[in-house]
Amino acid sequence: MVLWGPSTGSAQTIRLEFADTPVSDALEIYAERTGVDVVYSPLLVESLRTSCRYRGTSERDALICIMSSHPFRVEAISRNQAVLIPLESDSAEISDVVRVLSGFVTDAESGESLNGAHVVLPGVGTGSVTNEAGFFAFPGMNQKPVSVVITYLGYARLDTTVVASYRSGSFELIPISYQVSGIVVEEDAQRRADVAITPGLVSVSGRELQRFPGTLGNTDVLESLKWMPGIQRAGEATGGLLVRGSGPDQNLYLIDGAPVYHPWHAFSLISTFQTDTFKDFSLYRGAFPAEFGGRLSAVLDAELRDGSRSQPSAKLGISGLNASFIMETPISKRSSFMLSGRRSYIDRLVGRNHPVEDEAGRRDTLRTGYHFYDWSAKYSFRPDSRSTVSVSWYAGRDALDLRLPFDLSLDFSSWLRPADLFFEVDQEWGNRILSTRYQRLLSTRLFLTATLFHSRYRARENTLIRPSQSSRVSSAYRVDLEDTGARVVFDWYPSLSHQVRFGAEAVQHRFDSSLDARVAYTPSLVEPLDESSRTLASEAAFFIQDIWTPGPAIRVLPGIRASWFGSGSFARLEPRLSVQLAIDPTWLIVRAAASSHVQYLQRIRDRNAYLYDLVSSRWVPAQADAPPARSRQLSVGLESHRIPRTVIRIDGFVRDGRGTLLPEDEFQSKDGLLGPGIEVATLLGQYDRGEERSRGIETGWTTRTEHWMLSASYTRMRSENRIVEAQKAAFRPARFDTPHALGIVVSREASRWNLGGSMDWRSGYPVSVPTSRYQLEDPVTGETTWFYHRPDINNGRLPFYLRVDLRAAYRFDFAEASWLTGISIYNVLNRRNVVNQTWDPARPGSTPQNRLGLPILPMIDLVIDL
């Protein structure tokens with residue numbers, strides 16, 4: 001009998017030497033050196049010992065050497081697993097021994113764990129989804145062969161047969177190269193739709209997400225996610241992520257368990273989440289499980305790549321905005337490392353410092369500098385087959401440095417000249433995180449994940465304005481938010497009917513801000529403003545949730561989260577419930593969910609002064625006069641895999657919230673110098689407590705074949721809000737209310753050419769249209785000033801938005817490297833969409849002034865895979 005095919009594939013020599021060694025110990029050593037898992041009953045070998053010396057290349061002969069003096073026979077179960085059967089017994093006798101079928105699912109090329117892989121036991125009629133470490137478990141299994149099917153988007157399906165044992169197995173999935181001819185991509189059709197229970201969950205690997213369009217030639221996670229139903233970007237190409245009518249600050253972004261408070265670069269043009277740097281993403285829309293909290297709308301849980309454990313690799317990329325690289329390498333048999341970096345280079349092309357001189361010989365140095373960068377690194381170490389330790393680090397920053405004449409005009413040539421009147425801006429903002437994670441398989445039924453993290457968001461705004469020869473305005477503004485926390489999560493598998501996850505977390509928040517401003521009206525008349533603020537707040541939470549399978553066609557996910565927030569001593573309970581009914585595992589799945597969420601931190605900014613809070617994200621904690629915001633959501637969804645290689649999803653939701661902060665005066669603009677100050681109570685005075693509600697229907701269609709992918713999504717939704725204190729005023733459209741949104745992505749990938757196109761169509765955003773115009777006369781000077789009357793907020797709407805993008809890329813090999821060069825055309829129709837409208841009351845009539853979006857932009861990019 002050939003047990004495992006060719007021995008070790010590369011004729012690796014196996015050396016074993018035992019002298020009166022317990023058989024159980026010998027089998028452990030054998031498994032470590034050969035990778036073959038041996039299943040047996042410990043009761044039958046606990047008193048047995050072996051003496052054996054073997055040197056060769058056959059795993060079969062090595063195992064026979066160990067067991068040659070004992071009455072057992074070896075039966076092959078799979079390529080990497082065998083079972084020991086006593087000669088005096090029948091295999092049916094030991095099959096009655098109850099075990100746990102468990103294992104780890106990893107990438108066959110890199111060795112990275114695969115989070116969210118579907119593991120199905122067709123003969124048993126059950127399935128599960130792997131956790132963050134790629135682990136799964138099925139308790140209460142008889143010790144006999146059972147068929148296992150494992151699928152993961154972007155990987156070839158794995159069909160195997162294993163035996164439940166006291167050890168966890170290892171299962172490797174082979175990545176699918178869509179450029180390889182002859183491979184039929186049908187993993188979607190084989191994925192059991194009834195395995196994933198959470199409605200609104202989008203779980204996808206970084207490899208698969210690269211098939212969706214990015215931003216101006218960049219591969220960008222958050223830009224790619226906007227093509228999913230119910231997800232939009234706030235604005236044209238810039239702005240935060242909007243999920244089911246929520247605000248951009250109601251989403252929680254996590255990198256290896258650590259929060260990121262400002263996940264954007266280039267004024268929200270692109271995000272800090274590079275697709276190549278991450279191995280997988282899980283986006284929970286609305287009804288997220290009890291393990292997550294702190295936000296009202298959505299959670300994006302991203303995992304950095306562990307680094308390849310097989311061989312070193314590197315990838316270089318150049319786009320129209322930045323250059324980047326990523327390298328991965330094994331350090332030893334048990335450890336690996338990943339390092340990536342990215343930096344924009346526009347400041348290198350146009351220059352940062354510009355010496356200028358006028359006709360009179362005056363000289364000056366003007367500045368036009370802007371850049372951003374990212375660094376990511378991760379070290380992973382496996383002390384043994386049951387545990388993993390990883391350390392993750394991320395640092396990103398934006399820097400803006402300007403010195404220009406005060407009286408700018410549209411004639412750009414007039415900018416670069418010496419000037420008596422000028423302004424200077426020196427601004428920086430960015431994030432840093434450090435996360436350490438320990439994962440341990442405590443037993444075949446209990447898995448531990450412990451995370452320690454530190455996250456910091458810092459912003460610095462320095463401004464100097466010289467509007468006249470004798471006046472001068474300067475300010476130095478700082479914002480600093482630090483989180484230090486710990487999280488412990490247990491996955492417990494008591495039976496086939498229950499998968500319990502429970503845990504606790506604690507976070508210490510620190511909020512710091514300071515302002516040092518001077519307004520010099522004359523050299524002798526100076527108005528200062530020096531303020532600083534520091535707030536400390538502790539947050540703690542405990543959660544428990546259970547995937548309960550009362551029958552083969554129904555799954556229930558009840559959960560509850562109890563949280564406490566120290567600033568104001570708030571305690572809240574957040575119940576969660578999801579139910580899934582499998583009418584047919586592939587034809588039709590019905591899901592429903594109800595959830596309650598609490599948000600203790602909200603983002604605001606000063607609405608008066610233009611000397612500070614220009615680019616910063618100012619987060620404030622809940623307190624007595626600004627209690628935590630709460631939201632509730634109900635959702636129902638249908639999913640079908642009935643059409644081959646196609647997934648159809650329809651989701652409906654109703655959502656409401658209370659306690660969100662809305663501007664007291666929607667029309668207040670930054671038109672002052674110093675403003676009222678930066679104290680939290682002062683800033684909160686510019687906001688009122690509000691209510692919000694949204695409701696909608698989301699539809700999605702995705703088809704994948706050998707070379708083609710078609711993804712279409714349509715969302716019909718309304719989002720509204722109102723201020724509570726305004727005598728129960730009527731609800732009004734929210735700032736980014738979008739009744740209709742349609743997105744279509746088509747791509748074709750072959751051996752050499754990658755072609756793609758996308759269309760983004762949606763309703764225009766609301767706008768407040770004035771209904772009348774009036775004037776007031778100054779009683780002293782007699783001058784008149786015109787004003788607009790706007791009795792209603794967001795009573796109008798911008799024209800609809802439409803944009804079509806195209807992309808073509810060619811792949812070739814050169815100098816022992818794989819090259820991919822492409823061109824992306826942004827807004828190929830050159831349609832200048834109206835992104836905002838303003839009205840000038842001094843001009844007669846009511847014709848608005850339109851601010852137009854970006855024109856057609858061709859961008860070239862290059863990727864080199866070494």
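**Entry 1. A lysine and its partner**

Which residue forms a salt bridge with K315? I looked it up and found D276. The closest N and O atoms of the two are 3.9 Å apart. I note here that the model is predicted. I then asked where the partners sit. K315 is in strand β22, residues 313-318. D276 is in the loop between β19 (270-271) and β20 (278-285). The pair therefore ties together parts that are 39 residues apart in sequence. K315 is partly exposed, at a relative accessible area of 23%. D276 is partly exposed too, at 22%.

**Entry 2. Other salt bridges**

How many salt bridges does a search of the whole structure find? I got 53. I picked out further pairs.

D480 forms a salt bridge with R456. Their closest N and O atoms are 2.5 Å apart. This pair links distant parts of the chain, 24 residues apart. D480 belongs to strand β30 (residues 472-495), and R456 to strand β29 (residues 446-466). Is D480 buried or exposed? I found it buried, because its relative accessibility is 10% and buried means under 20%. R456 has 25% and counts as partly exposed.

R718 and D737 were my next pair. Their side chains meet in a salt bridge of 3.0 Å, N to O. R718 lies in strand β41, residues 708-723. D737 lies in the loop between β42 (732-733) and β43 (740-749). R718 is partly exposed at 25% relative accessibility. D737 is buried, with a relative accessible area of 0%.

I also looked for linked bridges. One network of salt bridges links E132, E291, R487, D491, R501, E505 and R561.

**Entry 3. The disulfide**

I searched the whole structure for disulfides and found one. C52 and C65 form it, with their sulfur atoms 1.8 Å apart. What hand does the disulfide have? The torsion about the S-S bond is about 115 degrees, so I logged the disulfide as right-handed. C52 is in strand β3 (residues 49-56), while C65 is in helix α3 (residues 59-67). The pair thus ties together parts that are 13 residues apart in sequence. C52 is buried, at a relative accessible area of 6%. C65 is buried as well, at 17%.

**Entry 4. Strand β3**

I stayed with the strand that holds C52. Side chains alternate along β3. T50, C52, Y54 and G56 point to one face and are buried. Which strand is joined to β3 by seven bridges? I found β1, residues 14-22. β1 and β3 run antiparallel. Across from R53 in β3 I found E17.

I took a second look at I583. I583 is found in strand β34, residues 570-584. I marked I583 as exposed, because its relative accessible area is 53% and exposed means over 50%.

Conventions. Residues are numbered from 1 along each chain as its sequence is written. This is a predicted model: local features need pLDDT of at least 70, side-chain atom pairs count only at pLDDT 80 or more; totals for chains, interfaces and linings use all residues. Side-chain values use heavy atoms; hydrogens and water are left out. Helices (H or I, at least four residues) and strands (E, at least two) are DSSP runs, numbered from the N terminus. Buried means under 20% relative accessible area, exposed over 50%, partly exposed in between (1.4 Å probe, protein chains only). A disulfide is a pair of cysteine sulfur atoms within 2.5 Å. A salt bridge is a side-chain nitrogen of Lys or Arg within 4 Å of a carboxyl oxygen of Asp or Glu. Two strands pair if DSSP finds at least two bridges between them.
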